[in-house]
Amino acid sequence: MRTTKLNLGGTEYTLCFSARVVRDCTERYGDVNKVFDAMSEGEQYQQLDEVFWLLSRLMDAGARYDRRMGLNPPAPLTLDDLYDTLDINDLYGLQLAVVNSVVSGQQQNVTARPKNSEATPGE
């Protein structure tokens, strides 16, 4: 599971694009690939609504993940907490945090090694 970190007001929160978040996004947008459209289309307040909704899901999943790993994470901010502590000036940075979390959650690492590590070039 890939996670990213977000620092808000001096508190570091784990963001996790878990299967639960994928399911929530699919239910809300019809397709998980529409997440980025939802954060960038419409008026700024609509974009803020979507970013806050996504952040609340990612923070909740991050706290769940941290607890499963034996950590003691801070309580995730709720949707209402986000509305009460952040504003429109934070939109771009929050969009970037969501994108980083989603993209890192979709990355796959593949390790490859040559079949014959003793072969010399040109053989």
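Colleague: What volume does the largest pocket have?

Modeller: A pocket is an open set of points on a 1 Å grid over the protein atoms alone, with protein on both sides within 12 Å along at least five of seven lines. Its volume is the space filled by probe spheres set on the points, which are joined across faces, edges and corners. Here, the largest pocket has about 160 Å³. The model is predicted: local features need pLDDT of at least 70, side-chain atom pairs count only at pLDDT 80 or more, and totals for chains, interfaces and linings use all residues. Residues are numbered from 1 along each chain as its sequence is written, and side-chain values use heavy atoms, leaving out hydrogens and water.

Colleague: Which residues line the largest pocket?

Modeller: Lining residues have an atom within 4 Å of a point. In this pocket they are M1, C16, S18, R20, A61, R64, Y65 and R68. Helix 3 contributes the most, 4 residues (helices are DSSP runs of H or I, at least four residues, and strands are runs of E, at least two, numbered from the N terminus).

Colleague: How many cavities of 30 Å³ or more does the structure hold?

Modeller: In a cavity, a 1.4 Å probe fits but cannot get out. The structure holds 1 of 30 Å³ or more, and the largest cavity contains about 50 Å³ of space.

Colleague: Which elements give two or more residues to the lining of the largest cavity?

Modeller: They are strand 2 (11–16) and helix 3 (44–68), with helix 3 supplying the largest share, 4 residues.
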